[in-house]
Amino acid sequence: MPWIVRQLVRLVVVLFCVTLLTYMIVNILPGDVAIVILGNLATPQDIAGLRADLGLDRPMLVRYFDWLGSALSGDLGRSYRNGEPVAQAIIDRLPVSLQLMVMAQVIALGIAIPVALLSVRKPGGIFDRISASAAFGFLAMPNFMLGIVLIYLFSVSFDLLPATGFTPMSEGLWDNFESMILPSLTLGLIEWTVLMRVLRSDLLTTLKEDFILLARVKGLSPWRVLLRHALRPSSFTLITILGLNIGGLIGGAVIVEQIFALPGVGRLLLGGIFNRDLILVQGTVAFIAVGFVVINFLVDMLYAVLDPRVRHVRFRS
Amino acid sequence: MSGAPLLSVREARVGFFTARGPLRAVDGVSFDLEKGQTLGIVGESGSGKSVLVRSLIGLVGESSGAEVGGQVLFEGRDLRALPAREFRGVLGRDIGVVFQDPMTSLNPVMKIGHQIGEGLRLNRGLDARAAAARAVELLTEVGIPEAERRAGQYPHELSGGMRQRVAIAIAIACAPKLLIADEPTTALDVTVQRQILDLLQREQRERGMAMILITHDLGVAAGRADDIMVMYAGRAVETAKTRELFRSPRMPYTEALLRSLPRLTDPTHTRLSAIPGRPPDLARRSGGCAFAPRCRYRTDRCDEEQPMQTWEGARGYACFHPRGVDVGGSGGAAE
């Protein structure tokens with residue numbers, strides 16, 4: 001089977017499993033969107049009537065496949081609660097989440113790569129040991145706690161950055177940037193640790209290769225050897241982790257968007273869960289799952305860019 | 001031979017600290033190499049020949065956890081005393097190295113032409129375009145057809161023999177005065193080995209380079225080295241002109257090595273003569289001659305005392321019972 005077809009099949013299978021599971025879990029949750037809408041004082045007749053209007057009285061699997069059918073044709077349905085089209089709700093909030101994720105990744109890589117390079121200059125040296133301890137420290141920290149610590153430091157103590165809230169790009173690039181720094185740091189400061197450790201260990205392996213000796217024999221300086229010869233062949237695991245981390249980042253983003261009151265996809269999802277707005281939850285989860293699979297698909301493509309040997313295997317034979 | 005030697009090594013030592021205690025991988029090796037000459041360094045795996053040469057050019061040193069001693073003079077300059085930047089300059093301009101396995105010695109994610117041109121740009125100040133053009137010339141010179149196209153390819157697209165040719169092109173790119181070939185044919189097909197050795201020899205002659213040819217195969221060194229240094233357990237046990245070494249080895253180890261080479265004049269199904277025993281464990285060195293346990297001429301003195309290098313003109317050996325020389329009645333002509 002050609003590679004691209006395999007990827008597509010994978011996408012379909014993942015989506016099916018993810019959406020079916022979400023559907024079942026949200027159904028098991030106690031509570032009912034009809035009660036949420038009508039309030040506690042509603043009569044059982046009113047509730048039953050609304051449930052029938054929303055189609056909630058039909059069996060779960062029927063509703064699921066009903067949803068799946070329209071989702072496949074591009075219609076994610078309308079929110080039970082306020083009738084807003086789910087697709088539109090996601091599209092409105094997507095830029096915030098994307099910006100958060102990109103900034104977090106840039107921060108994580110911006111710390112991880114230099115620290116890894118400095119660490120392998122002298123393995124077991126002072127810098128290496130300090131950076132390892134720092135990495136484990138940050139890794140052990142839950143992101144909601146780090147978020148609160150950062151708010152305390154930068155907003156409460158020094159009043160440098162806004163604590164919560166979001167300024168759209170249309171209201172000023174710098175203000176927008178300021179409102180995104182702390183949330184991105186919260187995610188990035190935890191993510192860099194894994195990236196750094198992985199890159200460090202791959203660099204150490206690469207540095208033992210003969211072609212590194214050959215580069216040194218050419219008279220290249222140690223930094224040049226590291227940057228020009230060792231970094232790229234050491235980055236494959238890093239790229240893999242980067243792709244897989246997107247999943248963790250989405251999970252983290254749900255919490256971080258909540259802490260910093262960012263109107264992103266994560267908060268949309270959380271709101272949907274609280275309101276038992278099944279159709280909204282379903283659509284958001286499906287969207288996130290597609291995003292995850294697509295990003296990892298892109299990561300796979302990136303291997304080919306980085307490693308000519310992969311290009312060779314994948315596209316010629 | 002005129003003036004000072006190109007490379008002069010005195011009492012080179014390399015020690016490693018292992019889990020089983022300190023280990024002397026190279027123990028007091030000295031040699032000279034004149035301009036344009038070829039020195040073959042021969043020994044079994046673990047004899048220290050690669051470590052010796054790598055320590056000379058700084059590839060084995062403190063950064064790899066080794067302790068290095070002795071003096072290395074290149075054109076009269078003490079390499080070990082040079083500041084790092086100057087040392088890299090000497091390495092890049094004047095010394096080229098071909099490693100054993102061309103599968104691992106080329107960078108897998110860098111185009112071949114770029115790998116050849118890199119040193120030229122750094123050490124000879126060529127711009128990118130000139131370096132690329134020179135890389136193609138070098139590829140042609142080392143016998144790679146369609147050099148222009150090959151320069152744009154990656155190492156995995158070439159066969160092992162081709163890659164070793166590329167490695168040679170990289171080594172000679174900056175017109176070095178010394179070429180170090182560390183088992184350059186061991187990882188290659190037998191049919192390709194000869195071509196690579198011939199290529200090395202041709203380049204060496206045309207460019208007047210000196211060469212150190214490291215090999216475990218006396219046969220490889222035989223036709224190509226001017227001098228041969230035989231190493232055993234980290235020591236140089238015999239050094240001689242190639243012809244003399246083959247005609248009359250002094251050291252019993254050399255003799256045993258020569259005897260283990262198959263000869264065309266032998267009748268078919270003749271058993272090859274192997275050297276009994278195994279190379280010594282360097283972490284558990286005894287006080288005596290390292291070869292003594294495997295030596296057919298061993299006496300009690302060999303077990304107790306380390307034989308020093310004895311020199312007869314340009315040839316030296318470290319043995320109490322040298323073959324072909326009458327020393328105190330214990331030696332005598334072999335058989």
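Biologist: How many helices and strands does the secondary structure of chain B come to?
Modeller: Chain B has 11 helices and 12 strands. Helices (H or I, at least four residues) and strands (E, at least two) are DSSP runs, numbered from the N terminus.

Biologist: How compact is chain B?
Modeller: Its radius of gyration is 21 Å, close to the 20 Å that the globule rule gives for 335 residues, so chain B is as compact as a globular protein of that length. The radius is taken over C-alpha atoms, and the rule is 2.2 Å times the number of residues to the power 0.38. Along the principal axes, the C-alpha trace of chain B spans about 70 × 50 × 45 Å.

Biologist: What sort of model is this, and how are residues numbered?
Modeller: It is a predicted model, in which local features need pLDDT of at least 70 and side-chain atom pairs count only at pLDDT 80 or more, while totals for chains, interfaces and linings use all residues. Residues are numbered from 1 along each chain as its sequence is written, and chains are lettered from A and ligands numbered from 1 in the order in which they are written.

Biologist: What share of chain B is buried?
Modeller: Buried residues make up 44% of the 335 residues in chain B. A residue is buried if 20 or more other C-beta atoms lie within 10 Å of its own, exposed if 12 or fewer, and partly exposed in between, with C-beta atoms placed from the backbone.

Biologist: And which sheet has eight strands?
Modeller: An open sheet with mixed pairing has the order β6-β7-β8-β3-β9-β10-β12-β11 in chain B. Two strands pair if DSSP finds at least two bridges between them. At the edges are β6 (95-98) and β11 (310-312) of chain B, each pairing on one side only. From one strand to the next, the twist averages 20 degrees; this angle is taken between N-to-C directions, on a scale from 0 to 180 degrees, with axes fitted to C-alpha atoms, for helices over the stretch in contact.

Biologist: Is β10(B) mostly covered or exposed?
Modeller: Strand β10 (residues 235-241) of chain B is mostly covered, with six of its seven residues buried. Six bridges join β10(B) to the antiparallel strand β9 (residues 227-232) of chain B, and D227(B) stands opposite K241(B). Strands β9(B) and β10(B) form a hairpin with two residues between them, where A233(B) in the turn has a positive phi of about 50 degrees. β10(B) also runs antiparallel to β12 (residues 315-317) of chain B, joined by two bridges; T239(B) stands opposite G316(B) there.

Biologist: Which residues of helix α10(B) are buried, and what covers them?
Modeller: In α10 (residues 252-259) of chain B, the buried residues are P252(B), Y253(B), T254(B), E255(B) and L257(B). Their cover includes α8 (218-222), β9, β10 and α9 (242-247) of chain B.

Biologist: Changing topic: what is the order of the sheet of four strands?
Modeller: This open sheet in chain B runs β2-β1-β4-β5, with antiparallel pairing. Its edge strands, β2 (21-33) and β5 (77-78) of chain B, have a single partner strand each, so one side of each is left without a neighbour in the sheet. Helix α1 (residues 49-56) of chain B packs on the sheet and touches β1 (7-18), β2 and β4 of chain B, its direction making about 110 degrees with that of β1(B). Contact here means that the C-beta atoms of two residues, placed from the backbone, lie within 7 Å.

Biologist: How many residues of α1(B) are buried?
Modeller: Eight of its eight residues are buried, including K49(B) and R54(B). Just after α1(B), G58(B) takes a positive phi of about 80 degrees.

Biologist: How many residues does the contact take from chain A and from chain B?
Modeller: The contact takes 19 residues from chain A and 23 from chain B. On the side of chain A, α9 (210-217) and α14 (308-316) are the elements that give two or more residues, and α9(A) gives the most, with six. By class, that side has eight nonpolar, four polar and seven charged residues. Ala, Val, Leu, Ile, Met, Phe, Trp, Tyr, Cys and Pro count as nonpolar, Asp, Glu, Lys and Arg as charged, and the others, Gly among them, as polar.
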